[in-house]
Amino acid sequence: MKLNSPLQAYKFLPGTNCGECGETTCMAFASHLIDRSLKLTDCTPILDDKFKKKYAELDGLLAPEIREVEIGVGDNIVKIGGDDVLYRHKLTFFNQNALAYDVWDTMDEADLVARVEQIRDFKKFYVGEYLLLDMIAVRSISGDPKKFADTVKKVMDTTDLPLILCSFNPKVLKAGLEVAGDKNPLIYAANKDNWQEVADLALEYNVPVALFAPNDLDMLKSLAKTFLEMGMENLVLDPGTFPTGKDLRTTLHNFLKIRRAGIAGDRDIAFPIMAVPLTAWMAHDDPVSASYWETVVASVFTIKYGDIMLLHSIEPYALLPEMHIRDTIYTDPRKPVTVDPAVNEVGSPTADSPVIVTTNFALTYYTVESDLSSNDIDCYIMAVDTDGIGVEAAVAGGQLTAAKIKKGLDDAGFDLKDKTSHNTLILPGLAARLQGDVEDEVGSNVMIGPPDSGRIPGWMETNWPPEKK
Amino acid sequence: MTKKIKLSDITDMFKDLGDVEALEGVTIEGDIELDISGGGGLNPALAYALGHETAQISLHLANISRMLGYPIDQVFAGTAAPTAGIAAPARLNELISSKFEVGNVEEWKHTIQEVTLGATSADGGSRKSTVTLGGENALPFYFDAEMPHRNYVTMDVFDMPIGMAKAVKMNYEDVINDPAEWAKKVVRDFNADMVTIHLISTDPLINDTPAREAAKVVEDVLQAVDVPIVIGGSGNPQKDPEVLEKAAEVAEGERCLLASASLNLDYERIAKAANDYGHAVLSWTQLEINAQKELNRKLMKQCDVPRENIVMDPTTAALGYGLDYAYTNMERIRLAGLMGDDELTFPMSSGTTNAWGARESWMVSSPLKQDSDWGPREYRGPIWEIVTGLTLALAGNDLFMMMHPTSVQVVKELTQTLFGLKEEEPIDITNWIGAEV
């Protein structure tokens, strides 16, 4: 965005402090515009006709440096791009990179449907929500337009996930668009040879289009400039993903250069970037090696500026790290690291329910909490103030101590003798060394739980309730 | 709940059956702790039979490193080449030719301190090789400036058997009671650049091994391998200063890295041991850039540790368990260093092994019923360590403390590829869409 301070945005706002955006003053709203935590459309008065000009001007100034591109329609729409910074701590990265997994037009129907279902249904629960996969990429291997169209149709019958239609042959792409044109798929790709015909298709169907110029940034920029000139703004740039050796190094450099130039204000190249880690499969014939290397390449370009990614392996050992590294990079660094120290209830605990101790590091706390609630364990969970440091490190660093646990119980007004029938705390397995200290300091019984809260259900079966002494 | 059994229990179960040579139809499921050290009386043939499945997996993982970098013939289907000619009226007939340009980052004016670990006989030590970290003038692998040194990996060795994920443990079963042999194995078989000897048995809550006895183990490791070493304590803040002092003394002149000085123990003693006996210090803080500055400042100003003897460990959290903080913390530290904050211009080290604390790396299956199948953990574990490591490599980390041989190979392959050391047959991706994969 072209603005640096709330004051610059404030000048365009109605200045009535009407409060309709939820903020008490227009100045407060302006600061949310600058950190992108509220949208200009949240200011309903400025949508009024009399502010039309100011709205348009401010909207332009607030637009992210890297354009935002939407793929798909409806609930599953995928947004990519939209970044304003090169480092996540400077603000945050917006629109996590879209993970697309391939199918191809030479698959037999049962395999095709099964694969699409796997991609559609794969999910992992993490810190209160599901990590999911985003898109299906349909590759034309046969070169036959009809086969391609049939495959696209079958995929659409199976899922609403947004599509990437992949062929360098405009006739094949057209056949795909005849089936999927109203679903706003991304078409892949225009290159130096086919760009005119692909441009015609993108215009005719009004769909986003990927531009492919392997290791040729001049050509990539020329294509982008030409498509812009023809009125297309929904562009995705693929500078080529070379999977090995010096070429992989060059690929990284290309990604870095494109994004640096885009953030610095070169509008002709300020578009989302596509990585194709699938090319790892052209370097390795052993499927485990290929999956591993593909995951490695995908991770590199998730961290460094890939906005959309085309992948092949759907083994869980590839999908899980790909989803997690994406979450790692796109998590808003401004979100709190900690939860409030407290003794909280999970389910409906009684005096016989266990009291489970963990830290106030948000990730640890939510992990323990979801392990307990998803296994229907009624209990108390105690978040000790460890300055947001996890169990193992907090024990090593002295942030999780018997005194801290005592203080946490006191501050929460949670008297074990009064609230429970067993006067027992359960410490994390990784804090086992605190057992004696806690017994002395708190004056309660202390049991040592498993090192990972995922094992609490099994641990409870053999250890809870504690034997009467 | 999976029942936990030990291998020796299984041997007992079969001991009356005479010579068992193979177990047909047996698959190993659940959390089996292969407890080789306990019990004795293990029937080797039975162990082999039981180990068959794990042996296959390890073979498969070993294949990865063998396969790395060997391009195969590209197999393409007969995709028709896009035909030239005008199919429909194009709005433009010519590309608007454009030149791409981008500058280097001007604010990166400062060089990260170089730190050399290990000393050869010429410098009063007995190492055959040394490792130099740091020296960067840009973020890692960037085009702004070449990195002067590649990344290095130091592999973990412990002075007593410890609990490990199954996928890790199966690589070390033969050496788990012998730190010197363990050290030899990681250098000889797993391509470790360095060895870290963790003196965890010194913890008063574990074995309370006296510092002098622990120092013997350091001597053994120095005898066993000729690469530079890292000496780690148990993490007990009361005991570590004494343990590291004694270890530093017996390793005099070898330029080891003492792990670690931190704000919650008597860092002055550790700094003094390093200064007195010619070692470097690992300055360890917990995901807090200001604490890192404070400790580095104290090491330099208060303890007179020379700049060329400081390496930082700003803490590694595993993928999915705080790697976002670890990544950004390191990236901020490195950017600050490049822009001239001389309390942060030091090379960095990562306890990448922490990745094995993530349940995704070792648990048989998800503890949450609503998750999709996690697949075999034998493949999940190494990739968890790899992705944790490579993420921090991109943030500027120089030295990796690691555990699984496959993870080590892949992290080395990637970092050396991005560094520019790997020559490979170019792969033509022009028509990747049609590739039969």
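This is a predicted model: local features need pLDDT of at least 70, side-chain atom pairs count only at pLDDT 80 or more; totals for chains, interfaces and linings use all residues.
Along its principal axes, the C-alpha trace of chain A spans about 80 × 65 × 40 Å. Of the 469 residues that make up chain A, 54% count as buried. If we take the contacts in chain A between residues at least 6 apart in sequence, 63% of these contacts join residues at least 24 apart.

Some details of the backbone in chain A deserve a careful look. The residue R36(A) has a positive phi of about 60 degrees, although R36(A) is not a glycine, and its place is in the loop between helix 2 (26-34) and helix 3 (52-62) of chain A. Is R36(A) buried or partly exposed? Because R36(A) has 15 C-beta neighbours inside 10 Å, it counts as partly exposed, given that a residue is called buried if 20 or more other C-beta atoms lie within that distance of its own.

A second residue that is not a glycine, Y305(A), also has a positive phi, here of about 80 degrees. Y305(A) sits in the loop between helix 10 (287-303) and strand 12 (308-311) of chain A. With 25 other C-beta atoms within 10 Å, Y305(A) is buried, whereas R36(A) counts as partly exposed.

Further along chain A, the peptide bond that leads from W464(A) to P465(A) is cis, with omega near 0 degrees, and P465(A) is found in the segment that comes after helix 17 (456-463) of chain A.

We can now turn to the place where the two chains meet. Here 97 residues of chain A are in contact with 89 residues of chain B. Which helix of chain A gives the most to the side that touches chain B? That helix is helix 9 (residues 245-263) of chain A, which contributes 11 residues. When the residues on the side of chain A that touches chain B are sorted by class, there are 40 nonpolar, 30 polar and 27 charged residues.

Within chain B, the reader can find an open sheet of 8 strands, in which the pairing is parallel and the order of the strands is 8-7-6-5-4-3-10-9. At its edges are strand 8 (310-313) and strand 9 (349-350) of chain B, each of which pairs on one side only. Inside this order, strand 4 (residues 194-198) of chain B runs parallel to strand 5 (residues 229-232) of chain B, and 4 bridges join the two. In this pair, T196(B) stands opposite V230(B), which belongs to strand 5 of chain B. Strand 6 (residues 257-261) of chain B holds S260(B), and the peptide bond from A259(B) to S260(B) is cis, with omega near 5 degrees.

Helix 5 (residues 211-224) of chain B and helix 6 (residues 240-250) of chain B pack at an angle of about 40 degrees, and their axes are 8 Å apart. That angle makes helix 5 of chain B oblique to helix 6 of chain B, and helix 5 of chain B passes helix 6 of chain B in a right-handed crossing. Among the residues that make the contact are A211(B), A215(B) and V218(B) of helix 5 of chain B, together with V243(B), A247(B) and V250(B) of helix 6 of chain B. By class, the contact between helix 5 of chain B and helix 6 of chain B has 7 nonpolar residues, no polar residues and 5 charged residues, and the charged residues include R212(B) and K246(B).

Technical notes. Residues are numbered from 1 along each chain as its sequence is written. Chains are lettered from A and ligands numbered from 1 in the order in which they are written. Two residues are in contact if their C-beta atoms, placed from the backbone, lie within 7 Å. Axes are lines fitted to C-alpha atoms, for helices over the stretch in contact, and angles run from 0 to 180 degrees between N-to-C directions. Angles under 35 degrees count as roughly parallel, over 145 as roughly antiparallel, 65 to 115 as roughly perpendicular and the rest as oblique. A crossing is left-handed if the near helix is turned anticlockwise from the far one by less than a right angle, and right-handed if clockwise. A residue is buried if 20 or more other C-beta atoms lie within 10 Å of its own, exposed if 12 or fewer, and partly exposed in between; C-beta atoms are placed from the backbone. Two strands pair if DSSP finds at least two bridges between them.
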